[in-house]
Amino acid sequence: MSVEPVTLQQLPTDLNRNLLPQHVAVIMDGNGRWAKNRAKPRIIGHQKGVDALKDLLRCCKDWGIPALTAYAFSTENWGRPHSEVQFLMTLFERVLRRELQEMKQENVKIRFVGNLLDLPNSLRQEIDRSMEDTKNNQGIQFTVATNYGGRHEIIQACQAIATKVEQGYLKVAEINEEIFEQHLYTQGIPHPDLLIRTSGEMRISNFLLWQMAYAEIYVTTTLWPDFDRVEFHKALATYQRRERRFGKVK
Ligand code: IPE
Ligand code: IPE
Ligand code: MG
């Protein structure tokens, strides 16, 4: 497993503790290219990517950021070669099993969002167990988007709401943003303040489409397995220089 870095253990002094994002979302991209650059199979990049995520979670805890969401597998990622998909599913399961005890101890509350029903049974069992075992934890809220697609999430919310209308529990005129949010996978989790995407791609790739309405977007060309505390520090420093206007004028 990753070695605890000796540097940046605490919040860097140039960052303002009162202006930290309360929720950071990450599109962990570039694992394949990281491996390719080293003439290694793509799966090695995914393995290294787990270490990067583990340290980012710990870093959020160390620096006082209360919520982290990571995009682990999109609804579109099923289109990859079967062997890679298979590897990822097994990797998720293995990592969850290995890390659950530590997450419990570190007071992490883990939640999975996405269409979990279509995941392999053995992975679902680990997911259910991890959510159940950490549901009362009060520390960092760690959300993993697995078989997640923003469009799918919106459609399933529409279906759930339409069913309530059809059955007479809700009136059409009562549907508002608040009601809608209650039917999203992310119900109860605040919207991300900062979205980080690694590997230089300037797109959202179907991630948290509704929730991202006013997130500050930070893109770095660093590939995900190389994303460390130094990189996170840069992202946070950039975030703190942004002026968030939410459509208003200063
Ligand atoms: C992100 O890295 C990990 C997942 C999508 C699971 P990629 O696998 O997309 O890496 P690149 O983009 O091909 O380099
Ligand atoms: C987004 O990365 C999905 C995850 C990081 C899980 P992709 O590599 O799948 O995105 P595209 O294909 O470059 O848009
Ligand atoms: Mg990619």
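**The site of ligand 2**

A polar side-chain atom of Arg203 lies 2.8 Å from an oxygen atom of ligand 2, a polar contact being a pair of N or O atoms within 3.5 Å. The model is predicted, so local features need pLDDT of at least 70 and side-chain atom pairs count only at pLDDT 80 or more, while totals for chains, interfaces and linings use all residues. Residues are numbered from 1 along each chain as its sequence is written, chains are lettered from A and ligands numbered from 1 in written order, and side-chain values use heavy atoms, without hydrogens or water.

Two further side chains place a polar atom by an oxygen atom of ligand 2: Asn77 at 2.9 Å and Arg197 at 3.3 Å. Taken alone, ligand 2 exposes 390 Å², and the protein buries 78% of that (areas by the Shrake-Rupley method with a 1.4 Å probe).

The shell around ligand 2 divides into five nonpolar, two polar and four charged residues. Among its members are Asp29, Phe73 and Ser205, where a residue is near a molecule if one of its heavy atoms lies within 4 Å of it. Strand β2, residues 67-74, gives the most to this shell, with three residues.

Asn77 is found in the loop between β2 and α3 (82-105); helices (H or I, at least four residues) and strands (E, at least two) are DSSP runs numbered from the N terminus. Asn77 counts as buried because its relative accessibility is 17%, and buried means under 20% (1.4 Å probe, protein chains only). A polar atom of the Asn77 side chain also lies 2.7 Å from the backbone nitrogen of Ser74.

Technical notes:
A polar contact is a pair of N or O atoms within 3.5 Å; within protein, one must be able to donate a hydrogen and the other to accept it, and residues adjacent in sequence count only if both atoms are side-chain atoms. Ala, Val, Leu, Ile, Met, Phe, Trp, Tyr, Cys and Pro count as nonpolar, Asp, Glu, Lys and Arg as charged, and the others, Gly among them, as polar. Buried means under 20% relative accessible area, exposed over 50%, partly exposed in between (1.4 Å probe, protein chains only).
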